[in-house]
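Here are a few notes for a colleague coming to this entry for the first time. Please keep the structure open while reading.

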Amino acid sequence: MSFARSATALKAIARQAPAVRSYSALARRAATASVSRSAPQFVVNDSEVVYERSDWPLPKLQEYLKDETLAMIGYGSQGHGQGLNARDQGINIIVGVREGGQSWKEAIEDGWVPGKTLFPIEEAIDRGTIIMNLLSDAAQSQTWDQLKPLITKGKTLYFAHGFSVVFAKDTGVVCPEDVDVILVAPKGSGRTVRTLFKEGRGINASIAVHQDVTGKAKEKARALAVAVGSGYAYETTFEKEVYSDLYGERGVLMGGIQGMFKAQYEAFNETVEEATQSLFPLIGAYGMDYMFAACSSDHRPPWCPRLGPKFEAANRPVFEALYASVKDGSETRRSLEFNGRKTYREDFQKELDEIDAQEIWRAGKTVRALRPDVKA
Ligand SMILES: NC(=O)c1ccc[n+]([C@@H]2O[C@H](COP(=O)([O-])OP(=O)(O)OC[C@H]3O[C@@H](n4cnc5c(N)ncnc54)[C@H](OP(=O)(O)O)[C@@H]3O)[C@@H](O)[C@H]2O)c1
């Protein structure tokens, strides 16, 4: 099946019943269209396998992991979401964090019990068979020399992002050679990992294998994706995951959207209520063409197709420079420097405060407060 057809088929499914659609239609789809541009990019020309939660009914999952102890190292955004999802499914899991730190307190609030299911990091690694390194990426690098000797033969090392391993030259995270090293990277924040699981849905994730000493690494990654709350998972590599993740989040997701919204506001005091409330959710549910078609005739094509290429041309150099800085590791070094500071929480808060103080978002706050559902 061609990629284009596949996308159309998906959209048709979404239009029929978005809330309950089965992802089985995604499985084993073959993507054959290839894109050719001069900029570095991911070319969609491989067949893609999608694994589903239905491959792992709960009794099978519990049986598969019955002799394992998952040691969740770090209890931030991902640790919270993945840890609680695994615990709710009856998987044997413990948490390891700095004693007395913020995560330690949060873990206790979430019902992890010191000495039973909550331990200092080293002790949790010692007790665990699957070591899930969910420290922040900067912390993974800072703590690696102490933690690496504890990850002994027979254990499995798990990451939620390829960052530390792919940029080992900068992070120092060179994995022990005698353990399986796998990746389960949920495509969203840990809060979303948790919310979607509780809604009975399950986030999508990508899975990958960096080292397979047992011959079972991929199977483990598939099972663990379900254990931490994924609904379905795509196979990738550590490299592709990290390049696409760093590039994507710094691109449209964060840098692009903030920059475009602000530029539009500064040019014309235009708030973004219509985009966030009305139109963008339609793109998420049904695709861009559907959103265009849902607008009244005065606002829809040919305006959008005519203007789209202008924005594309203006933005392309920014994206190309961004991609280059991801690939050559400069973004990694920036991230390690910033998130490795003792004051990283305060410094990050300062950045958030700066955005919050911008007129567009102060206007946003006022406008949101006027929404009928908020006022009611
Ligand atoms: N957030 C996302 O959207 C997302 C999505 C997919 C994958 N990931 C990946 O998941 C992993 C975890 O990310 P996250 O967002 O959950 O991180 P996070 O919320 O920043 O969590 C940080 C954790 O690291 C601990 N920590 C920080 N510095 C430490 C140090 N020097 N020594 C020991 N512990 C330290 C913190 O403990 P304290 O409270 O004690 O400081 C906390 O438990 C990363 O590899 C990330 O790339 C994240």
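Which atom of Gln78 lies 2.7 Å from an oxygen atom of the ligand, one of the backbone or one of the side chain?

1. **Gln78 and the ligand.** The atom belongs to the backbone: an N or O atom of Gln78 is 2.7 Å from a ligand oxygen. Keep in mind that this is a predicted model.

2. **The ligand's surroundings.** The ligand has 24 residues around it. The closest are Tyr75, Gln78, Arg98, Ser103 and Asp137.

3. Gln142 places a side-chain N or O atom 3.5 Å from a nitrogen atom of the ligand. Arg345 also uses its side chain: an N or O atom there is 3.1 Å from a ligand oxygen.

4. **Strand β2.** Look next at β2, residues 70–73. Is β2 covered on one face or on both? Both are covered. Leu70 and Met72 are buried on one side, and Ala71 and Ile73 are buried on the other.

5. **Neighbours of β2.** β2 runs parallel to β3 (residues 93–96), and four bridges join them. β2 also pairs with β5 (residues 130–133), again in the parallel sense and over four bridges. Follow Ile73 across both pairings. In β3 it stands opposite Gly96. In β5 the bridge partner of Ile73 is Asn133.

6. **The β-α-β unit.** Helix α3 covers residues 77–88. Together, β2, α3 and β3 make a β-α-β unit. What is its handedness? The unit is right-handed.

7. **The annotated binding site.** UniProt, in an unreviewed entry, places a "binding site" feature at Asp245, Glu270 and Glu274. Treat this as a record annotation. Two of these positions are described next.

8. **Asp245.** Asp245 sits in helix α11, which spans residues 238–268. It counts as partly exposed because its relative accessibility is 23%; the buried class ends under 20%. Leaving aside residues up to four places away in sequence, Asp245 touches His161 and Lys187.

9. **Glu274.** Glu274 belongs to helix α12, residues 273–286. Why does Glu274 count as exposed? Its relative accessibility is 52%, and exposed means over 50%.

Technical notes: Residues numbered from 1 in each chain as written. Predicted model: local features only at pLDDT ≥ 70, side-chain atom pairs only at ≥ 80, totals over all residues. Heavy atoms only, no water. UniProt positions renumbered as here; feature names shortened; annotations may be inferred. Helix = DSSP H or I, 4+ residues; strand = E, 2+ residues; numbered from the N terminus. Buried < 20%, exposed > 50% of the residue type's maximum accessible area, 1.4 Å probe, protein only. Contact = heavy atoms within 4.5 Å. Pairing = 2+ DSSP bridges. Right-handed = clockwise from strand over helix to strand, strands pointing away. Near = heavy atom within 4 Å. Polar contact = N/O pair within 3.5 Å; in protein donor to acceptor, adjacent residues only side chain to side chain.
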